[in-house]
Amino acid sequence: RVEFDGEFAAGGGGFFDADLLRGSIDPELVETNMCPSGWLPFAGADVGLKNDNSAIVIVHRSVTDPVVIRIASVLELKPKKNQPLSLAVVVGEFCRVAKMHGVATVTSDHHLMSEVQLHAAPHGVRFVQAPGGAPAKAEQHIRARDCMRADTVRMPASFARLREQLGRIISTPQSGGSLKIWSPRSSSMGPRPKSPLPRTQR
């Protein structure tokens, strides 16, 4: 499930255009393992073990100007052929990263949620399920794109993989005015790219 063959599917278009993604780069930013004073940390995760990668994204939101958001850290764990990831290891790594930034609650997709919560409990980190369904998914992506268009999302130049994954997200208009958000599969393993902005609730 990824994202790097550079072709868009027929009937759809790129949701995050290249100029928008390039505009989010702040050359002065570097990936960090802590949340500085004056910022609030939030985390979003996607769990995959066999056919998809697992990934967690940490963002920092400005206390003084809540619309300003920095993508601070990205951790991606990749299964190998015939060697699926261990859920305990994945959750442990997610909790380690979250705690470095002072995150107590991680928003994640529904996949294996009960098991994820059991593995996370000993680490003192709470996992909550992100809103499901196509309308919620579309709303989350639209909110992220609106923030980028408003020039309030910044990320280090080193997050090239994240930008390339986001560039592979497709949007297709549906009857009734709704929007389908999806990404094509490829022969390379990886998570389906999603909005890089976790729900800002802790």
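Glu93 and Arg96 form a salt bridge (a side-chain nitrogen of Lys or Arg within 4 Å of a carboxyl oxygen of Asp or Glu), with their closest N and O atoms 2.9 Å apart. The model is predicted: local features need pLDDT of at least 70, side-chain atom pairs count only at pLDDT 80 or more, and totals for chains, interfaces and linings use all residues. Residues are numbered from 1 along each chain as its sequence is written, and side-chain values use heavy atoms, without hydrogens and water.

Both Glu93 and Arg96 lie in helix 2 (residues 87-100), three residues apart, about one turn of the helix. Helices (H or I, at least four residues) and strands (E, at least two) are DSSP runs, numbered from the N terminus. Glu93 is partly exposed at 26% relative accessibility. Here buried means under 20% relative accessible area, exposed over 50%, and partly exposed in between (1.4 Å probe, protein chains only). Arg96 is also partly exposed, at 38%.

The structure holds five salt bridges. One of them joins Glu76 and Arg161, at 2.6 Å from N to O. Glu76 lies in strand 4 (residues 69-77) and Arg161 in helix 5 (residues 160-167), so this pair ties together parts 85 residues apart in sequence. Arg161 is partly exposed, at 27%.

Three strands form an open sheet in the order 1-8-9, with antiparallel pairing. Strand 1 (13-14) and strand 9 (179-182) are at the edges, each with a single partner strand, so one side of each lacks a neighbour in the sheet. Two strands pair if DSSP finds at least two bridges between them. Strand 8 (residues 170-173) and strand 9 have four. Pro173 stands opposite Leu179 in strand 9.
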